[in-house]
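Student: I am new to this structure and would like to explore it with you. Could we go through it one piece at a time?

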Amino acid sequence: MTSSPSASAKKALTGDQIRQKFLDFYAAKGHTILPSASLIPEDATVLLTIAGMLPFKPIFLGQEAPKVPRVTTAQKCLRTNDIENVGRTARHHTFFEMLGNFSFGDYFKAEAITWAWELMTTVYGLPPERLLVSVFENDDEAYEIWHRQVGLPKERIRRMGEESNFWTAGPTGPCGPCSEIYYDFYPEKGLAAVNLDDDRRFIELYNLVFMELNQDDQGRRTPLKAKNIDTGMGLERMAQVLQGVANNYETDLIFPIIEAAAQRAGIQYRKANAKTQISLKVIGDHTRAVVHLIADGVTASNVGRGYVLRRLIRRIVRHSRLLGINERVTPALAQVAIDLAAHVYPNVRERQAVILSELQREEEQFLKTLDRGEKLLAEMLAPLKMAKGKKRVQSRLSGRDAFLLFDTYGFPLELTQEIAAEQGIGVDVAEFEACMAEQRQRSQAAHETIDITVQEGIDSLADQLHPTQFRGYDEFSLTTTVTAILVGGHPVTTATAGTEVQVILEETPFYAESGGQIGDRGYLASGETLVQIHDVQKQKELFVHYGKVERGSLTVGDRVTAQIDLSCRRRVQAHHTATHLLQAALKKLIDENISQAGSLVAFDRLRFDFNCPRPLTREELQQIEDQINTWISESHPTCTSIMPLTDAKAKGAIAMFGEKYGEQVRVLDIPGVSMELCGGTHVHNTAEIGLFKIISESGVAAGIRRIEAIAGPAVRDYLQQRDRIVRDLCDRFKVKPEEILDRIGQLQAELKTQQKELEHLKAELALAKTQALLEQAKSVGNTSLLAATLAGVDPQGLKTAAEWLLNKLGSGVVVLATQLTSEKVNLLVAASQDVVQRGVHAGQLVAELAQLCGGRGGGRPNFAQAGGSQPEKLPEVLELAQSRLKGLLES
């Protein structure tokens, strides 16, 4: 590959210089430089920020008015759709930076094209003879600008089809042609037979999108009134060209991470083979990605963004192991990535402690998973690998086995596929997905739904009504006008007694659920009409009051008295202010880096989720509780004020990480204790809370802890309930309150003794029954086969029996079944190692048997268990087991 003349003729630009020159160039052209948006997008239809234009999508779709006509950004982006190509090609990445300039109805093609050319050739110094451009096949305007205004020879302008050079926002909406600038690594090959899709010769550096059309649901395209410009230049690609390196990974944006990984592995990147270099590139790419994901508030989990993060971390660890790095590695590599990015993205430095602790915790957890999963997977793959050398009985690992690894051991499907592929074995992904679907069906009971019809009804009213005016900070009852009524999500004029309604008022004292605080309760009244309100939600600046017409009728235009339930409001206020005190106590006593990860402020309790890598001790929880009650007893006043967001942050006000705030914010200050951005309702003085009590502390996700607590009147309710329980225990045990624990201890000791005696008797009975089963064993060649029921034993007893029988039989297979209840059975298959090598797979066999009796299960090739729900099918199960095993052993 020919290096860039600009890179070899003078000192190459750094990645930081390339980024800054782009922003400075467009700032000089009247663009406002905006900071990168978070990787967590505001657009709920997208999991992550995948393109530089995504933060401006509402503007391009006409949903928001632009604040300035021209902007330029360096936007963090993350994609995982090409994750398998990372490290294998020169320029595929998960995390990357997209440089862009945008026009919202301001300039258009002529300026976008001529400025792009000026930037590429004058600012970055790329030789014109190394640049080619593409235009949409029907875009004569762009073609003429490139040829006549820029002066590019026609042979350097290529017309291309809709697939590569036409952008659409979706099936409907804004769209338009593109023009792309390509760099030629081998200009000496000439222009006779140019193929811009040849990524060995060409690299696309800059994409200019001309949004000039709107596409309707029939596919018809009409001109837009306001035409927009959306461009994108991959920073890593431009750095590859300007720094004259072979691929994006060897630029100064990523290579320091690769070098750090290579040093820990005791190898040199330049001298490493292709496979080793791929692992180093994966580590370099993924390390940048995980650092920025955690910095932007993503926590590792098994769903959504959390799963993306967990998968990337695990790939780093896996590839580190392939390089022979057996020590903890992710925090050290992340530190390199943080040092590279902190001056551009300050949040990675601000969140450094969180990033490093999250990575350390995830890596340690995965190493345990990796050890268990790799061992079990090796056992599953062994017979398949042996079969390849014979007649290849099975070419793929079963999906049920892959699901067992995932469901029981947390071993990712992608990792199972990767390890199996290294041995030339596939995985039955369809069967895996079927197992996942079964699991999702079983969890549907915990599913929450949203009333879409109400949302659609609100959407239809949003443009017709003024935003609801909230007066509830100072007024708890007021007279207001009914502006809309919905029944079943559809607007109506009148609702009569017995009807469930959603009511919108001109003004309201009712707080709408927001910021973790639930909505107020209360009533609407007018003459004989009474509407009980049980919830309030905010949708598109409208407060929707959910309730039921108890008597009379309610009509749009009615003047009503809106009254909140003062008892409920006092309870929720106590819990909300107590939540602020809780966060302050955690920061003071546990770790100043602790931040909120979620909350619920209800009438009967509060719930506070926070980032912390470990459980809190009883002593720490008591210290927190004591500190909060001290603040309560000190009668601190609470002060609220409205101020610009920048001023609030300058004063030290805490903002919930990832929350979106307007330019003006409401600040709740408890002087000397806490200052937070908050729109909720609060007590006027901490003394109003009365008392605070922690109920529980638990983990809800990796690195996320949850405290549930009560305050104010809820503490009285709690104490009264506990007092009733203690009195009842005293009556039952005939003891005093202080003697309850001793009495329980005595009962536990007696029960433990009786259980041991019972287990001993069960074991003796099981052994006697097991010994009797030996006579039922049959010979198939030189192998013993035993398939029988064993009554009156639990799953552990079944396992013990199988191990004893297999030991006595030597070479053989044991299939045992037991009925646990009238609707529950347990199955077990155990095979000696020589039988496994002949093609018997206990896990696959037990899964098939379980299906026959309404169950599921799986396991290792030599040992597996399963459950079922149809005891009446056990005779058929044992008959099928004998048939299958005879077929395998006689073949």
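Student: Which backbone oxygen does the side chain of Arg 666 reach?

Tutor: Welcome! Keep in mind that this is a predicted model. Arg 666 sits in strand E26, which covers residues 664-670. Apart from its neighbours within four places in sequence, Arg 666 is in contact with several residues, including Tyr 473, Cys 678 and Gly 679. At 2.7 Å, its side chain reaches the backbone oxygen of Gly 680.

Student: What is the nearest side chain of opposite charge to Arg 666, and how far away is it?

Tutor: Arg 666 is buried yet has no salt bridge. A salt bridge would need a side-chain nitrogen of Lys or Arg within 4 Å of a carboxyl oxygen of Asp or Glu. The nearest side chain of opposite charge lies 7.0 Å away, and that is Asp 474.

Student: Let's move to another strand. How many residues of strand E20 are buried?

Tutor: Strand E20 runs through residues 542-551. This strand is mostly covered. Of its 10 residues, the number buried is seven.

Student: Which residue in the turn between E19 and E20 has a positive phi?

Tutor: E19 and E20 form a hairpin, with two residues between them. The phi in question is about 55 degrees, and the residue in the turn is Lys 540.

Student: Now a helix, please. Which residue that follows H25 has a positive phi?

Tutor: Helix H25 covers residues 842-852, and its buried residues include Leu 845, Val 846 and Leu 849. In general, residues three or four places apart point the same way, because an α-helix has 3.6 residues a turn. After H25 comes a residue with a phi near 75 degrees, Gly 854.

Student: Finally, stepping back to the whole chain, what share of its residues counts as buried?

Tutor: The chain has 26 helices and 35 strands. Its C-alpha atoms fill a box of roughly 95 × 85 × 55 Å along the principal axes. Of its 891 residues, the buried share is 50%.

Technical notes. Residues are numbered from 1 along each chain as its sequence is written. This is a predicted model: local features need pLDDT of at least 70, side-chain atom pairs count only at pLDDT 80 or more; totals for chains, interfaces and linings use all residues. Side-chain values use heavy atoms; hydrogens and water are left out. Buried means under 20% relative accessible area, exposed over 50%, partly exposed in between (1.4 Å probe, protein chains only). Helices (H or I, at least four residues) and strands (E, at least two) are DSSP runs, numbered from the N terminus. Two strands pair if DSSP finds at least two bridges between them. Lys and Arg count as positive and Asp and Glu as negative; His and the chain ends are not counted. A polar contact is a pair of N or O atoms within 3.5 Å; within protein, one must be able to donate a hydrogen and the other to accept it, and residues adjacent in sequence count only if both atoms are side-chain atoms. Contact means heavy atoms within 4.5 Å.
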